[in-house]
Amino acid sequence: MTTINRPRLLAMAAVAVLLGSVLTAGAATAHGPDPALSGGGFDQNQVIRYRWRAGSEPAAVIKTAIKAAAGDANDSRASKAATFTYDAGGASPIGYGAGATCGVNGLACFTRDVPDDFTMWFREQGHVFDWGTLRWCEAYDTPPNGCYEAENIALDEFGHVEGLGHHDNYDSDSDYQDAVVQTYSRTKPQDGWNKHVFGRCDVARLQIIYDIVLASAKYSTCLDLSTVLTISASSTQIVVGGSTTLTATLKVVDSDSYGRLGGNAVSGRTVTLQRRAVGATTWISVGAMAFGSVTGTYVLAQRPGGATEYRAVFSTPSTEGINGDSSPAVRVNVSGCTAVAVTKSESSIQAPCA
Amino acid sequence: MSRSSSSRPALAIVPIALVVGACAGATSSGSAEPSAAASVSPPDASATSSSAAAAPSPSVTASLSATEPPTASLAVEGGDPVTGQLGTFTWGDGGSDSPWLPGSPITVGTGERLTVTIAAPIGVATWSAKRISEGATGGSGATGLGTGGPPIAFDAPDAGSWSVQVTIDFDGGLGSATYYWLVTVR
């Protein structure tokens, strides 16, 4: 299960060579969600069980760090991304030491075989590179400056296993904390050296690949998703004194680039109802709409005195990565007669409209 | 909600004169497969990548490794190309994470145009180049040197010694790689 899939790589290379830039999946965009690795994701909420590689088990402190990182990934995924659990019989081996297949300069590395398993390797404490000697912070009671934190590096690797590519930072790298899955790892005490949660741009890609957990859950602020708000009236023709219920529906626009988020119903937000008299240009706020019984809907009953237009408004929130929208207007006409008798059992039979 | 998340590139059986590199042998038991001969220097020493310093002109070949991206070389017009240190990468179904590396030494003139060549016939989707001062660590305070699509070319930084990082996203979802050079500008 851990063998590199060479035929697939070569096929991919062949396609790339022949088609040039036709296929661009995974290309980084400026400061958006982490790019996605080719190969897709695991199943939603899939539990991936890992074990220590026989003969190459990590040192005890590194095991602890890796287990903590698995917990960090599970706790901060903010999506239906796969979770990681230690199981001595698990299919995914994690190794440590001289057998690491991380190239000349790698601190740690991974392979993944979606949807079955993954491998992960960590260099050993004291490994000598061209550029220096590896020191894991966890190996010290008081970690020295210049050490790499295994928990942080392991979280980076778990992010890769989920399908995350390396984040595309600003030139200054001032946004380093927006992602754990980075193009280079940092040592103590540099910014981000001991980050134990996925960054917002890691989470953004996880949400695209795996979806958010609930319709009321927040979208990563690293996203920039358009929404579409619609509105309907239970009746667009009422009589004086009658009422109509306005129902707004809020969704994420159904775009291929949004992955699993496209078309999502969006619940639990503040959607405001506005009205104006037919012919007027100014909208007047009526109030916040209540949460409907159907996911992503918002309702408010109205008893207009005359022909009225209504629209729903969702303002762009500052705490998540979806944009506001206003619905088209729906017109409700009011006729000047009283309510129509519906059944003979009604206690008060009134004259119907002409 | 119901959309598949898969972004697996289309696979095709295409006759092509690609040769699998001899180093394409990583398996589950896995042995390290250096992409360049490593010269071990004292801990925390500055870059002395003998492989890079001695790198011959890597004429483009059709060799691809299953485990690592191809090498990349930096050159100025009329100068000998120098193979960069391979840092963090994703490639195929795997990848490796590295620090900001010191880089392979190369000396260039002020204002010269630096070009990067990939030693394999694969396309470049996007690239970006940054630099930090020699000896600085961790990439904090990096300054951009350029970004865009192919070809990979940017002007040399001001006079001084710089650790230059070039990140390349390859076409077709093949992966990405980061390469480093220690550029002395005179």
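Q: Hi! Is Arg113(B) buried, partly exposed or exposed in this one?
A: Hello! This is a predicted model, and in it Arg113(B) counts as partly exposed, at 44% relative accessibility.

Q: Which residue does Arg113(B) form a salt bridge with?
A: Asp155(B), with the closest N and O atoms 2.9 Å apart. The two sit in distant parts of the chain, 42 residues apart: Arg113(B) is in strand 8 of chain B and Asp155(B) in strand 11 of chain B. Asp155(B) is partly exposed too, with a relative accessible area of 42%.

Q: Nice. How many salt bridges over all chains?
A: The count comes to six. Among them is Lys130(B) with Asp173(A), where the closest N and O atoms are 2.6 Å apart.

Q: Where do Lys130(B) and Asp173(A) lie?
A: Lys130(B) is in strand 9 of chain B, while Asp173(A) is in the loop between helix 3 and helix 4 of chain A, so this pair joins two chains.

Q: And are those two buried or exposed?
A: Lys130(B) and Asp173(A) are both buried.

Q: Switching topic: what does strand 6 of chain B pair with?
A: Strand 5 of chain B pairs with strand 6 in the antiparallel sense, over three bridges, and Trp91(B) stands opposite Gly94(B) there. Strand 4 of chain A also runs antiparallel to strand 6 of chain B, joined by four bridges; Phe110(A) stands opposite Gly95(B).

Q: Which residue in the strand 5 and strand 6 hairpin of chain B takes a positive phi?
A: Gly92(B), near 60°; the hairpin has two residues between the strands.

Q: So which residues are on each side of strand 6 of chain B?
A: Gly94(B) and Ser96(B) are on one side, Gly95(B) and Asp97(B) on the other, and all are buried, so both faces are covered.

Terms used: Residues are numbered from 1 along each chain as its sequence is written. Chains are lettered from A and ligands numbered from 1 in the order in which they are written. This is a predicted model: local features need pLDDT of at least 70, side-chain atom pairs count only at pLDDT 80 or more; totals for chains, interfaces and linings use all residues. Side-chain values use heavy atoms; hydrogens and water are left out. Buried means under 20% relative accessible area, exposed over 50%, partly exposed in between (1.4 Å probe, protein chains only). Two strands pair if DSSP finds at least two bridges between them. A salt bridge is a side-chain nitrogen of Lys or Arg within 4 Å of a carboxyl oxygen of Asp or Glu.
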